[in-house]
Amino acid sequence: MNEVVDWDGGDFHGAKLALLSRGRVLTLLRDDRPDIPYPNMWDLPGGGREVGETPQDCVLRELHEEMGLRLTNETLTWGRPCEPVLPDLVQTWFFGAQMPDLKPADIVFGDEGQMWRLMPVRLFIMNPQTIPHLAQQLGVFLEYLRRAG
């Protein structure tokens, strides 16, 4: 069962993905640089939109660039637009997907961030070093999965 909200064609800044695998979520530790938002914090794959991209195109491209994984629109089981969290930005999108057979050997870490980790979901949500709005959106996705059964 998928619940991806239809994109209305409006402007958006970028997209993030919570990719779950056996009770863990794929994360990356952001670079520790003062010129980026949320330096040295745990993040989810995703990033800024390129010209002409849909929200799904954006998040799937970013996942491939950052983690070397290729998913399809059909693997995105949940998605919705979210209000901007930083000044001067338009809305962003948040997606959820599950990949139970994900193995560490499947990951090819890109050139953004310090490291990646398949982190226990609860640790990501409770970690003070996690970007807060991403922990919150992951919680909403988990609630959807619980309801969907």
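The dialogue below goes through a predicted protein model and the grounds for the terms applied to it.

Colleague: What should I know about the model before we start?

Modeller: It is a predicted model, with residues numbered from 1 along each chain as its sequence is written. Local features need pLDDT of at least 70, side-chain atom pairs count only at pLDDT 80 or more, totals for chains, interfaces and linings use all residues, and side-chain values use heavy atoms, with hydrogens and water left out.

Colleague: How many helices and strands does the protein chain have, and how do you know?

Modeller: Three helices and eight strands. Both are DSSP runs, numbered from the N terminus: helices are H or I with at least four residues, strands are E with at least two. Along the sequence the order is β-β-β-β-β-α-β-β-β-α-α.

Colleague: What share of the contacts in the protein chain comes from residues 24 or more positions apart?

Modeller: They account for 69% of the contacts with a separation of 6 or more. A contact means heavy atoms within 4.5 Å.

Colleague: What makes Val59 buried?

Modeller: Buried means under 20% relative accessible area, exposed over 50%, and partly exposed in between (1.4 Å probe, protein chains only). Val59 is at 0%, so it counts as buried. Val59 lies in helix 1. Beyond its neighbours within four places in sequence, Val59 contacts Ala15, Lys16, Leu17, Leu76 and Phe95. Over the whole protein chain, 43% of the 149 residues count as buried.

Colleague: Why is Asn127 called buried?

Modeller: Asn127 has 17% relative accessibility, so it counts as buried. Asn127 sits in the loop between helix 2 (121–126) and helix 3 (132–148). Not counting residues up to four places away in sequence, Asn127 touches Trp42 and Met119.

Colleague: What makes Arg49 and Asp11 a salt bridge?

Modeller: A salt bridge needs a side-chain nitrogen of Lys or Arg within 4 Å of a carboxyl oxygen of Asp or Glu. The closest N and O atoms of Arg49 and Asp11 are 3.4 Å apart, and the pair forms a salt bridge. This pair links distant parts of the chain, 38 residues apart: Arg49 is in the loop between strand 5 (46–48) and helix 1 (55–67), Asp11 in the loop between strand 1 (3–4) and strand 2 (14–21). Arg49 is partly exposed, because its relative accessibility is 27%. Asp11 is at 52%, so it counts as exposed. The structure holds ten salt bridges.

Colleague: How do you know that Arg30 and Asp43 form a salt bridge?

Modeller: Their closest N and O atoms are 2.9 Å apart. Arg30 lies in the loop between strand 3 (24–29) and strand 4 (42–43), and Asp43 in strand 4, so the pair ties together parts 13 residues apart in sequence. Both Arg30 and Asp43 are buried.

Colleague: What makes Glu53 and Arg61 a salt bridge, and are these residues buried or exposed?

Modeller: The N to O distance is 2.5 Å, and the side chains meet in a salt bridge. Glu53 has a relative accessible area of 9%, so it is buried. Arg61 is at 16% and therefore counts as buried. Salt bridges with shared partners join Glu50, Glu53, Arg61, Glu62 and Glu65 into one network.
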